[in-house]
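Open the model in your viewer and keep the sequence panel at hand. The stops below say what to select and what to look for.

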Amino acid sequence: MALYADLHRHLGGSVVPRILWRYFKRHNPDMAQRFPEYPTFEEFYTRKRNTLDEYLELHTLVESVQTEQTLPYFIYRLIRGAYIFENLAYLELRYTPYLRTPEHLNQSQRIEAMTNIVQIVGKASQVKEYPIIISQILCMHSRLPYEVNKAIVELAAQMRDYVCAIDVAGGDSHYGERLDEFIDLYKYARSLGLKTTGHLYETPEGCYPELLPYLMRIGHGIQIPLKHPELLPQLAEANQCLEVCPTTYLKTGTLEDLYQLKTVFDRCFDAGVDIAICTDNAGLHNVRLPFEFENLLTQDVIDFHQLQACQDAAFRHAFAWPYKEPPASLLIGLLNDDSSEEEQELLSV
Ligand SMILES: [Zn+2]
């Protein structure tokens with residue numbers, strides 16, 4: 001059995017529509033009344049948006065219901081689905097902890113409350129019956145003030161048992177006027193020994209070469225091979241991996257056709273830049289990781305050889321995978337051990 005790693009999945013976008021609709025039925029009369037039947041909710045929740053900003057607004061719908069009390073409910077279902085339907089052995093789950101704290105608190109109280117959120121997510125992620133190695137990435141946010149983003153970096157550094165890295169999210173066209181701030185925050189994160197990724201070069205408006213030196217991986221980054229291929233040798237040299245999330249670009253209107261990703265994969269392979277294929281928002285898209293793989297294959301974007309290279313790259317670039325090898329190598333080791341024991345038994349008869 002192949003086991004996979006997903007390096008880019010948002011907690012907010014990880015709730016599949018049926019789970020969310022059932023939750024609304026039970027706990028949110030307004031939403032239950034607006035969507036009495038499931039198909040209309042699924043249509044609303046998963047439909048294509050015109051822009052990245054419009055698409056990101058949907059996250060606020062889920063963020064509003066992912067509170068201290070309900071997070072364990074949603075995370076349990078997320079892990080169950082990831083284990084049963086996606087064969088995940090490893091998952092990095094990302095979110096902005098500030099946006100899960102109670103809204104009625106003031107800013108400094110909300111900053112304080114973030115610790116509790118990280119602990120709740122960390123504890124809820126350890127489900128004995130569905131063993132997946134899960135680590136958190138804390139996202140700074142383009143719409144949050146500097147003090148909050150700085151506190152997010154510091155929290156990540158304090159909670160290394162649960163957190164493996166930091167990220168910046170919230171729409172890559174919004175970093176522009178605060179670029180120096182984010183460079184400072186990334187420098188600070190690196191000085192604390194934190195690992196880094198960042199939503200960057202996702203859309204043509206989100207291309208900031210100034211941020212690249214501070215990132216170990218690039219969230220999306222598809223505009224680099226598409227529009228700025230001259231940067232690829234520099235990425236290869238720095239061993240920076242792109243986190244490519246195919247379905248997202250169709251849902252946000254960034255690409256019209258999955259086949260446009262062929263240029264992304266071909267140019268990265270030629271330049272020696274690794275790609276990890278990820279889901280971004282598996283729930284919101286209603287597309288799980290094995291289907292992302294299959295779609296790329298059936299639409300001739302990549303071949304099996306390239307797919308396996310990307311699957312291996314995901315484990316190599318995982319921030320908290322504790323082994324040198326991907327799980328397939330470990331399983332092969334186990335199988336070989338078994339067969340040699342059997343052989344030994346046969347010999348001893
Ligand atoms: Zn993302």
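The tour goes from the whole chain to the sheets and then to the helix pairs.

**Before you start**

This is a predicted model: local features need pLDDT of at least 70, side-chain atom pairs count only at pLDDT 80 or more, and totals for chains, interfaces and linings use all residues. Residues are numbered from 1 along each chain as its sequence is written.

**Stop 1: the annotated domain**

Select residues 5-319. UniProt lists this range as "domain: Adenosine deaminase", in an unreviewed entry. UniProt positions follow the numbering used here, feature names are shortened, and annotations may be inferred rather than shown by experiment. Colour the range by secondary structure. It is 50% helix and 14% strand. Helices (H or I, at least four residues) and strands (E, at least two) are DSSP runs, numbered from the N terminus.

**Stop 2: the five-stranded sheet**

Show E1 to E5. These five strands form an open sheet in the order E1-E2-E3-E4-E5, with parallel pairing. Two strands pair if DSSP finds at least two bridges between them. Which strands stand at the edges? They are E1 (4-10) and E5 (195-196). Each has a single partner strand, so one side of each is left without a neighbour in the sheet.

Next, select E3 (residues 133-141) and E4 (residues 163-169). They run parallel and are joined by six bridges.

**Stop 3: the four-stranded sheet**

Move on to E6 through E9. This second stop is also an open sheet, with four strands in the order E6-E7-E8-E9 and parallel pairing. E6 and E9 (275-277) are the edge strands, each with a single partner, so one side of each lacks a neighbour in the sheet.

Zoom in on E6 (residues 199-200) and E7 (residues 217-220). Two bridges join this parallel pair. His-199 has Gly-219 of E7 as its bridge partner. Leu-200 stands opposite His-220 in E7.

Three bridges join E7 to E8, and the two run parallel. Here Arg-217 stands opposite Cys-241 in E8.

H15 lies across E7, E8 and E9, and runs at about 100° to E9. Axes are lines fitted to C-alpha atoms, for helices over the stretch in contact, and angles run from 0 to 180 degrees between N-to-C directions.

**Stop 4: H1 against H3**

Select helix H1 (residues 17-27) and helix H3 (residues 38-46). Their axes come within 10 Å and cross at roughly 120°. The pair is therefore oblique. Angles under 35 degrees count as roughly parallel, over 145 as roughly antiparallel, 65 to 115 as roughly perpendicular and the rest as oblique. Show side chains at the contact. H1 brings Pro-17, Arg-18, Leu-20 and Trp-21, while H3 brings Tyr-38, Phe-41, Glu-42, Tyr-45 and Thr-46. Contact here means C-beta atoms, placed from the backbone, that lie within 7 Å.

**Stop 5: H7 against H8**

Select helix H7 (residues 146-158) and helix H8 (residues 179-191). The axes come within 10 Å and cross at roughly 20°. H7 and H8 are therefore roughly parallel. The H7 side of the contact is Tyr-146, Asn-149, Lys-150 and Val-153; the H8 side is Glu-181, Leu-185, Tyr-188 and Ala-189.

**Stop 6: H6 against H7**

H6 and H7 pack at an angle of about 30°, with axes 11 Å apart. This pair is therefore roughly parallel. Gln-107, Ile-111, Met-114, Thr-115 and Val-118 of H6 meet Val-148, Ala-151 and Leu-155 of H7.

Methods: Contact = placed C-beta atoms within 7 Å.
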